[in-house]
4 protein chains.
Amino acid sequence: MHEKCGVVGISLEDRSAARPLYYSLYALQHRGQESAGIVTHDGFQQHSHVEMGLVGDVFDEDDLAQLNGSNGIGHVRYPTAGSVNACCAQPFSVSFKSGSLGLSHNGNLVNTPDIRSELADLGHAFTSDGDTEVIAHDLARNLLESDLVRAVKRTMNRIHGSYSLTIMHDDTVLGVRDPQGNRPLCIGDLGDGYVLASESAAIDTLDGELVRDVQPGELVVLHPDGTGYDTYQLVDADSTAHCFFEHVYFARPDSNIDEKLVYDVRRELGRKLYEENGIDTDVVLPVPDSGRAFASGYADAAQDAGADVDFAEGLMKNRYVGRTFIMPTQDERERAVRLKLNPIKNTVEGKSVTLIDDSIVRGTTSTQLVQLMRDAGAEEVHVRIGAPPIIAPCYMGIDMASREELIAADKSIEEIREEIKADSLSYLSIDAIADALDSTRGDLCLGCVTGEYPYDIEDEATDREVNRPTIEPSPADD
Amino acid sequence: MHEKCGVVGISLEDRSAARPLYYSLYALQHRGQESAGIVTHDGFQQHSHVEMGLVGDVFDEDDLAQLNGSNGIGHVRYPTAGSVNACCAQPFSVSFKSGSLGLSHNGNLVNTPDIRSELADLGHAFTSDGDTEVIAHDLARNLLESDLVRAVKRTMNRIHGSYSLTIMHDDTVLGVRDPQGNRPLCIGDLGDGYVLASESAAIDTLDGELVRDVQPGELVVLHPDGTGYDTYQLVDADSTAHCFFEHVYFARPDSNIDEKLVYDVRRELGRKLYEENGIDTDVVLPVPDSGRAFASGYADAAQDAGADVDFAEGLMKNRYVGRTFIMPTQDERERAVRLKLNPIKNTVEGKSVTLIDDSIVRGTTSTQLVQLMRDAGAEEVHVRIGAPPIIAPCYMGIDMASREELIAADKSIEEIREEIKADSLSYLSIDAIADALDSTRGDLCLGCVTGEYPYDIEDEATDREVNRPTIEPSPADD
Amino acid sequence: MHEKCGVVGISLEDRSAARPLYYSLYALQHRGQESAGIVTHDGFQQHSHVEMGLVGDVFDEDDLAQLNGSNGIGHVRYPTAGSVNACCAQPFSVSFKSGSLGLSHNGNLVNTPDIRSELADLGHAFTSDGDTEVIAHDLARNLLESDLVRAVKRTMNRIHGSYSLTIMHDDTVLGVRDPQGNRPLCIGDLGDGYVLASESAAIDTLDGELVRDVQPGELVVLHPDGTGYDTYQLVDADSTAHCFFEHVYFARPDSNIDEKLVYDVRRELGRKLYEENGIDTDVVLPVPDSGRAFASGYADAAQDAGADVDFAEGLMKNRYVGRTFIMPTQDERERAVRLKLNPIKNTVEGKSVTLIDDSIVRGTTSTQLVQLMRDAGAEEVHVRIGAPPIIAPCYMGIDMASREELIAADKSIEEIREEIKADSLSYLSIDAIADALDSTRGDLCLGCVTGEYPYDIEDEATDREVNRPTIEPSPADD
Amino acid sequence: MHEKCGVVGISLEDRSAARPLYYSLYALQHRGQESAGIVTHDGFQQHSHVEMGLVGDVFDEDDLAQLNGSNGIGHVRYPTAGSVNACCAQPFSVSFKSGSLGLSHNGNLVNTPDIRSELADLGHAFTSDGDTEVIAHDLARNLLESDLVRAVKRTMNRIHGSYSLTIMHDDTVLGVRDPQGNRPLCIGDLGDGYVLASESAAIDTLDGELVRDVQPGELVVLHPDGTGYDTYQLVDADSTAHCFFEHVYFARPDSNIDEKLVYDVRRELGRKLYEENGIDTDVVLPVPDSGRAFASGYADAAQDAGADVDFAEGLMKNRYVGRTFIMPTQDERERAVRLKLNPIKNTVEGKSVTLIDDSIVRGTTSTQLVQLMRDAGAEEVHVRIGAPPIIAPCYMGIDMASREELIAADKSIEEIREEIKADSLSYLSIDAIADALDSTRGDLCLGCVTGEYPYDIEDEATDREVNRPTIEPSPADD
């Protein structure tokens with residue numbers, strides 16, 4: 001149920017929304033490769049095309065041509081183990097008494113079973129296990145009795161967890177961000193309309209201008225005629241719980257999230273990594289592509305400090321990796337990493353090397369990379385990681401791994417260093433993360449590096465209270 | 001929304017239901033080629049596999065392997081113009097307060113909008129436009145308050161129209177037939193379990209024994225352990241409205257429907273066709289494959305009457321027709337019929353010929369066949385049809401054509417004869433149909449040949465009262 | 001290497017040949033389902049589209065559109081065990097010094113290795129193991145030194161075995177039939193051009209007129225402008241070796257082969273089957289579809305003899321059989337036959353039954369059918385076969401089975417009867433076959449029922465001289 | 001016919017060659033995405049699997065399993081306009097008198113028509129238009145009369161143009177490089193066997209050691225038992241004609257070609273680019289991925305020269321680009337570049353920027369990138385190119401563009417600058433290329449930047465004699 005997805009919603013004055021939605025999803029493809037979908041509304045009826053697969057494979061010209069209307073929403077879904085299931089592809093659509101609803105969801109609710117059970121008591125029947133259908137039913141029910149804004153507010157007061165949603169009620173496109181702002185969502189101006197998207201890079205792709213982030217607890221309602229939008233601060237929380245991992249790994253470097261350019265944050269984290277635990281070696285190598293910005297900041301800080309360090313591309317990535325591929329047999333397994341990453345011998349041979357990566361999850365790749373360096377003749381191999389150790393699973397929508405798989409869940413840093421066979425290993429501190437994000441620990445979701453979550457998670461210890469905010473319904477409520 | 005489909009449900013003692021369901025659907029493939037699906041229940045949870053395509057393409061060994069459980073239902077769906085839509089493939093599944101439901105539906109409701117609207121008022125949201133989802137929601141709602149039998153009865157008292165349903169409530173498989181018994185449904189004994197199926201040929205395929213037809217208004221509940229079944233006569237109607245077209249065209253000749261073997265009925269209709277309007281020609285030719293049984297009966301009757309008539313296969317069918325095929329251009333159009341049916345010249349040349357077919361819908365094929373006969377040297381071409389003229393559309397679940405397309409909707413038999421350029425043309429009488437089925441006009445649905453329907457159809461004249469029964473809830477009801 | 005295929009060649013005055021070729025292949029689809037191909041020539045260059053699959057799947061509108069030119073040839077290839085190999089799909093094309101060649105081949109050479117070896121000595125290199133490439137190379141080599149007719153004659157004098165070929169040399173379409181006329185080939189007049197095809201049903205499909213069979217040893221050269229054709233009797237043999245199995249089983253009933261309508265031959269064989277070994281039972285049932293014409297003739301003969309026998313369709317065929325299908329498990333195996341053929345109980349129950357089929361190869365289907373009849377209540381089951389026992393493999397291009405698989409290879413008729421558990425079993429005599437074809441044993445290939453072949457077959461006994469003709473090059477040769 | 005492909009050949013002691021060949025092709029995927037193929041030999045017979053598509057899509061486990069044998073060759077083919085043609089996928093296989101041949105070819109012959117014509121005079125027939133089939137036939141013919149080494153030598157003396165070949169004669173794998181060494185080929189040691197490959201990165205992928213480049217005019221014969229190899233210097237040329245573009249653009253940065261690491265060469269070219277035409281701007285941006293190494297060298301040289309320049313990743317690449325994709329409409333065209341490359345505003349805004357790319361072909365991308373920079377707020381945009389202007393097409397196997405499409409074919413550098421709207425534009429000098437490669441103009445193929453080719457090209461001026469070598473057969477020849 002952990003969904004690391006991308007959402008988008010568009011309202012235009014006078015153009016079909018289908019192509020801009022398509023290009024937006026293409027720009028957000030890194031957030032989900034399992035399924036893609038677009039739902040539009042032409043003023044009279046919904047049109048929908050949702051399928052398993054990559055954006056480029058799911059849609060052809062005919063599909064876009066039949067997605068009539070200048071308002072629509074889209075979704076790309078992240079593949080999570082065991083859930084390869086066409087039924088959960090989004091946007092999710094239903095029609096009900098007061099019209100039609102389409103929903104695209106990024107995030108993870110923690111009280112789905114409760115709400116589902118309440119709705120079931122009222123006679124609701126569900127076609128899937130997903131959060132999204134539950135949100136849709138709850139919202140549909142509230143819309144029977146309330147106007148759109150009040151209905152959304154009621155639903156927000158009932159669902160707990162992380163969510164960035166784009167919603168289409170008939171031909172009106174909405175965007176909602178959960179009260180702690182765990183998952184990103186932003187507004188862009190397209191000149192002849194507006195767009196809501198998980199990341200600002202999608203706005204860039206449409207030659208639009210980023211207006212701002214949607215605020216935690218805020219509802220944005222795009223005018224169906226593309227001329228503007230209204231916003232409503234529906235729920236206020238004591239604190240935010242922004243996911244710091246969006247900046248560390250998940251988002252595109254060219255996206256702005258919560259007023260920070262991801263690329264800059266990564267360079268800054270790289271600088272702090274040197275400042276906290278820098279080591280002067282002959283060469284600094286990023287693990288491509290994710291370690292590149294960290295390494296660039298790290299090398300800058302080293303040079304500022306007067307160190308004579310060479311920032312080099314010593315690992316070359318095969319750009320066809322990720323496509324279909326026959327896995328090597330057990331005794332070829334070691335070779336597998338060289339299909340993806342090949343070391344350039346003479347940038348490494350006879351040298352002391354610092355490898356920079358964004359994070360360590362299971363540790364297997366790090367182990368292979370250290371070995372690769374040694375095979376290529378590195379005299380010393382030091383590893384520096386641009387995030388703190390990941391000690392606990394994510395329940396907020398990013399499917400990292402289960403606790404047993406996390407190398408840092410039950411190992412000290414020294415034990416990890418031994419396992420990956422590095423000469424030294426350092427992680428970044430949590431404070432450095434908060435600093436780089438101009439934030440405080442209390443306003444970030446640090447669940448995966450502290451084990452303390454912004455919401456009660458079943459089976460997680462309950463004495464971790466640090467980040468748990470009290471959510472106050474804003475007074476102007478019904 | 002017209003659905004000419006096949007349904008099946010199976011409960012076994014100790015075997016997986018998936019393979020028997022698969023073979024049943026294979027046997028019912030003629031009832032629907034658009035989509036196929038199976039839903040099973042293993043006592044703990046539902047398993048579902050539903051896709052667009054033919055049975056043989058939809059399922060592979062892995063799909064059957066994951067359909068765990070000894071209880072399940074299946075469906076094949078008929079392709080109807082404009083509705084090629086994955087969302088409507090069945091069985092339709094939902095989970096709700098009291099468990100899970102799966103539904104396979106053959107038929108067509110006439111009051112879906114009303115019930116949908118009532119449910120929407122209660123907050124229900126729908127993912128499709130189909131009858132089946134509406135039945136599922138209504139039944140789920142009734143199950144909140146009633147036991148299974150009462151809930152089904154309540155739903156039956158609310159929905160009007162034709163329906164044969166196989167339903168799975170958790171691991172219990174049910175079969176229901178509408179109060180007029182419009183669409184077929186029968187029970188079979190498999191030795192180690194029971195099967196419900198649209199046609200008895202599916203039972204034969206499983207080496208089972210046909211027990212009997214499910215009665216109009218009857219509910220059959222299979223024991224989940226495969227050891228037996230219970231039946232409940234839930235609704236009684238004044239009369240039945242069996243679809244005579246199942247016997248004329250739609251069902252397999254080797255199926256028994258409402259106690260009549262379809263093959264025998266067709267032979268008998270062929271006999272009556274000769275008795276009513278026989279003509280003695282040199283040769284009697286069936287239009288393959290559907291006209292074969294009629295022609296056989298017709299020729300028998302002719303011979304019994306002392307006529308010296310030769311029953312021959314003068315039209316050869318290309319058995320690859322029906323697969324993908326590039327349509328001929330306009331001036332090749334005429335040739336199209338010869339790709340499907342090629343006349344054997346020397347069975348026709350210089351002879352007077354009687355062509356026997358089951359029905360005429362648009363008349364285009366008949367026109368082409370008469371021309372084919374003349375091109376092959378036939379001196380006279382007489383056409384005999386084993387059903388009355390089709391003058392009105394079907395609203396009960398068979399998608400024949402719209403009224404404008406029906407050649408008999410506004411043409412006399414003589415006008416039709418002129419259009420198809422036959423030397424003579426005769427249809428069978430309605431009374432002959434009733435006789436052959438050992439029935440009365442009042443117990444058959446003759447809508448397509450009389451324009452008088454067993455239910456009120458919007459936009460159809462309301463003074464046709466003949467067949468409209470009063471449905472009396474049976475007394476032992478809540 | 002046994003290829004039971006269909007070939008076609010077309011030259012038109014002023015129309016693209018692609019569509020007529022496509023429809024011809026569709027009409028010949030029963031001769032080969034493994035691959036399909038068309039090669040055309042537009043006067044300047046060849047165009048080719050050859051793929052694995054059925055005709056309807058191999059070609060789309062775009063494919064036909066790019067197959068320019070009013071001359072072309074086509075091919076459908078029979079799937080033979082172990083040879084599912086794209087490299088052997090036809091037509092086979094090469095370009096050489098004097099232009100381009102395309103070849104479509106139906107048949108099987110017996111001296112391929114020798115010719116291949118001779119050509120290899122001259123430096124030829126081959127991309128496949130097939131007969132067709134060897135014929136192409138030999139013909140290309142002869143065309144370096146001779147005109148077209150002499151080159152074909154030289155190649156015909158070198159290759160031994162069965163072949164019906166359509167060939168395209170640049171834009172000239174040729175047809176050649178081997179000196180014994182083992183495989184069929186005929187000429188048709190299309191009004192605005194001519195067609196060569198394996199069976200006359202392909203000509204019918206194009207609304208053409210059958211002109212005549214191509215004679216054994218004859219070359220037909222179509223004029224590229226569609227205005228006519230020239231013929232050359234290039235090789236004369238003492239006798240023919242027409243394959244009787246084309247008439248018994250392989251060809252379409254509506255085709256004329258060697259001046260005999262296949263349907264008439266089958267009816268006549270059915271008559272003779274009654275005359276030789278008729279038995280008067282309550283009902284005569286054809287095994288559909290292949291046994292139908294035999295049964296019709298058999299029943300006629302019975303009635304002429306005054307027997308009171310009912311000719312009925314007691315076995316119903318599932319018309320979806322043959323498509324993709326998950327095989328039953330071992331203990332479901334018995335059921336498999338009922339997926340294909342379902343008995344109509346009341347035509348069988350309590351009756352004595354005669355089952356009519358065209359041939360018995362392995363005997364498994366017959367065993368299952370007899371059992372089916374008994375399960376359906378038949379009191380006696382008699383089996384009558386419209387061909388003699390198949391005691392030896394076919395080397396001439398029909399892939400029946402290997403000798404070990406043939407039930408009649410080492411069993412007497414009585415032993416076979418016991419194995420299939422019939423009450424009686426009779427085959428047709430070889431003389432009846434010859435009579436029905438107005439031929440003599442010496443002019444038929446009876447290899448599969450006598451073990452005596454018209455050509456030396458390696459590993460077959462050499463004292464079988466009956467059918468082996470002396471081939472005399474015709475005198476007017478170079 | 002321009003083929004920018006990858007070739008590989010492997011002989012192993014005791015392991016199946018299929019998987020190592022598969023991984024090698026995966027490593028060489030950047031050299032060709034149109035088709036992929038592997039041919040192996042198990043000592044008795046060839047096994048082949050060749051299909052259109054990417055390596056990961058062409059092969060599955062079953063395909064690899066049936067490619068028996070410890071010797072084999074592979075090929076990936078570059079898609080060139082108008083030639084998407086399954087017939088040209090490689091390796092190309094033939095069998096002939098003295099066994100079987102398989103060929104993988106990278107390069108382009110200039111006298112194919114002559115040799116093809118000579119072979120056609122001898123009776124050869126060809127199934128394709130390709131160079132490779134002509135080489136195969138010529139070699140097969142020579143093998144009729146000579147041993148392997150002499151046969152290869154004869155063929156090398158007949159074919160003119162660029163070629164790196166891996167060849168399999170029965171189970172013997174050979175590698176041949178043309179006398180000027182235009183296309184790369186190298187030998188690697190796998191511990192339990194040897195590998196020949198277009199690039200050393202393929203050897204790395206197999207955990208092998210690069211032994212050395214195959215020399216121009218050299219034949220390498222791998223021992224079929226994997227224990228070693230023999231080499232023969234078959235043809236000596238006065239000069240080499242190494243393609244400098246392999247180092248500039250085509251090869252992987254982590255490959256060694258002709259004793260130079262591609263990554264180092266690009267860094268060195270970047271340094272020279274600064275030294276020749278450096279300009280000090282606020283920031284230096286590589287065009288990813290190809291400009292990255294150039295920009296790194298350029299920035300190093302700038303810093304060495306004391307310039308205060310920031311080397312930044314200001315353009316972010318969408319890593320899903322290159323997959324299926326619906327092209328924008330005309331007025332969305334501008335947007336297309338932003339789907340691929342998105343500028344990071346704050347690394348560019350208000351700054352003077354130097355864009356570094358490896359080459360300019362048509363100029364359209366450069367124009368879009370300069371505009372992107374200005375849209376992102378760059379005050380000045382300078383463009384520096386790591387290669388000389390491309391003024392002429394490549395005839396040696398790299399399909400750049402036709403002469404009319406090349407922006408530098410008829411425009412001065414100043415005119416190009418105006419067209420792409422840059423503030424300044426500089427290319428690298430030809431001498432810098434030669435220096436960086438430790439070579440001379442006379443030993444490089446500079447055809448695309450000088451218009452002077454190492455071989456006579458039809459329709460190219462004949463007075464360009466600089467690079468044209470005289471090829472002397474080595475004395476020890478037959």
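**Exercise 1. A parallel sheet in chain D**

Determine how strands β19 and β23 of chain D pair, and over how many bridges.

*Solution.* In this predicted model, strand β19 of chain D covers residues 283–286 and strand β23 of chain D covers residues 352–357. The two strands pair in the parallel sense over 4 bridges. Within this pairing, V283(D) stands opposite V353(D) of β23(D).

The next step places the pair in its sheet. The strand order in chain D is β20-β19-β23-β24-β25, an open sheet of 5 strands with parallel pairing. At its edges stand β20 (310–311) and β25 (424–427) of chain D; each has a single partner strand, so one side of each is left without a neighbour in the sheet.

**Exercise 2. The division of chain A**

State into which domains chain A is divided and how far apart their C-alpha centres lie.

*Solution.* Domain 1 of chain A spans 6–241, while domain 2 consists of 266–320 + 327–438. The C-alpha centres of these two domains of chain A are 36 Å apart.

The chain as a whole can then be described. Chain A contains 16 helices and 27 strands. It has 478 residues, of which 58% count as buried. Among the contacts in chain A with a separation of 6 or more, 71% are between residues 24 or more positions apart.

**Exercise 3. An annotated residue**

Find which residue of chain A UniProt lists for "active site", and decide whether this residue is buried or exposed.

*Solution.* The unreviewed UniProt entry lists C5(A) under "active site". C5(A) belongs to the segment before β1 (6–12) of chain A.

To settle the second part, the neighbours are counted. A residue is buried if 20 or more other C-beta atoms lie within 10 Å of its own. Because C5(A) has 25 C-beta neighbours inside 10 Å, C5(A) counts as buried.

Leaving aside residues up to four places away in sequence, C5(A) touches R31(A), G32(A), H75(A), V76(A), R77(A), Y78(A), H105(A) and N106(A).

**Exercise 4. Where chains A and B meet**

Describe the side of chain B that touches chain A, by its elements and by the kinds of residue in it.

*Solution.* The contact involves 19 residues of chain B and 19 residues of chain A. On the side of chain B, at least two residues each come from β5 (92–96), α4 (112–121), β7 (125–126) and α5 (131–145). The largest share, 5 residues, is supplied by α5(B). By kind, the residues on this side of chain B are 10 nonpolar, 6 polar and 3 charged.

Strand pairing also crosses between the chains. Strand β5 (residues 92–96) of chain A and β7(B) run antiparallel and are joined by 2 bridges. One bridge partner pair is S95(A) with F126(B) of β7(B).

Elsewhere in chain B, helix α1 (residues 18–27) is mostly covered, with 10 of its 10 residues buried. Among them are P20(B), L21(B) and Y22(B).

**Exercise 5. Relating chain A to chain D**

Identify the rotation that superposes chain A on chain D.

*Solution.* Chain A is superposed on chain D by a rotation of 180° with 0.1 Å of shift along its axis, at an RMSD of 0.1 Å. The two copies are therefore related as by a two-fold rotation axis. The same surface serves both copies, since 100% of the contact residues of chain A recur in chain D. Of the residues of chain A, R319(A) comes closest to the rotation axis, with its C-alpha at 4.1 Å.

How values were computed
Residues are numbered from 1 along each chain as its sequence is written. Chains are lettered from A and ligands numbered from 1 in the order in which they are written. This is a predicted model: local features need pLDDT of at least 70, side-chain atom pairs count only at pLDDT 80 or more; totals for chains, interfaces and linings use all residues. A residue is buried if 20 or more other C-beta atoms lie within 10 Å of its own, exposed if 12 or fewer, and partly exposed in between; C-beta atoms are placed from the backbone. Copies are superposed by least squares on the C-alpha atoms of residues with pLDDT of at least 70 in both. Two residues are in contact if their C-beta atoms, placed from the backbone, lie within 7 Å. Domain bounds come from an automatic or database domain assignment. Ala, Val, Leu, Ile, Met, Phe, Trp, Tyr, Cys and Pro count as nonpolar, Asp, Glu, Lys and Arg as charged, and the others, Gly among them, as polar. Two strands pair if DSSP finds at least two bridges between them. UniProt positions are given in the numbering used here, feature names are shortened, and annotations may be inferred rather than shown by experiment.
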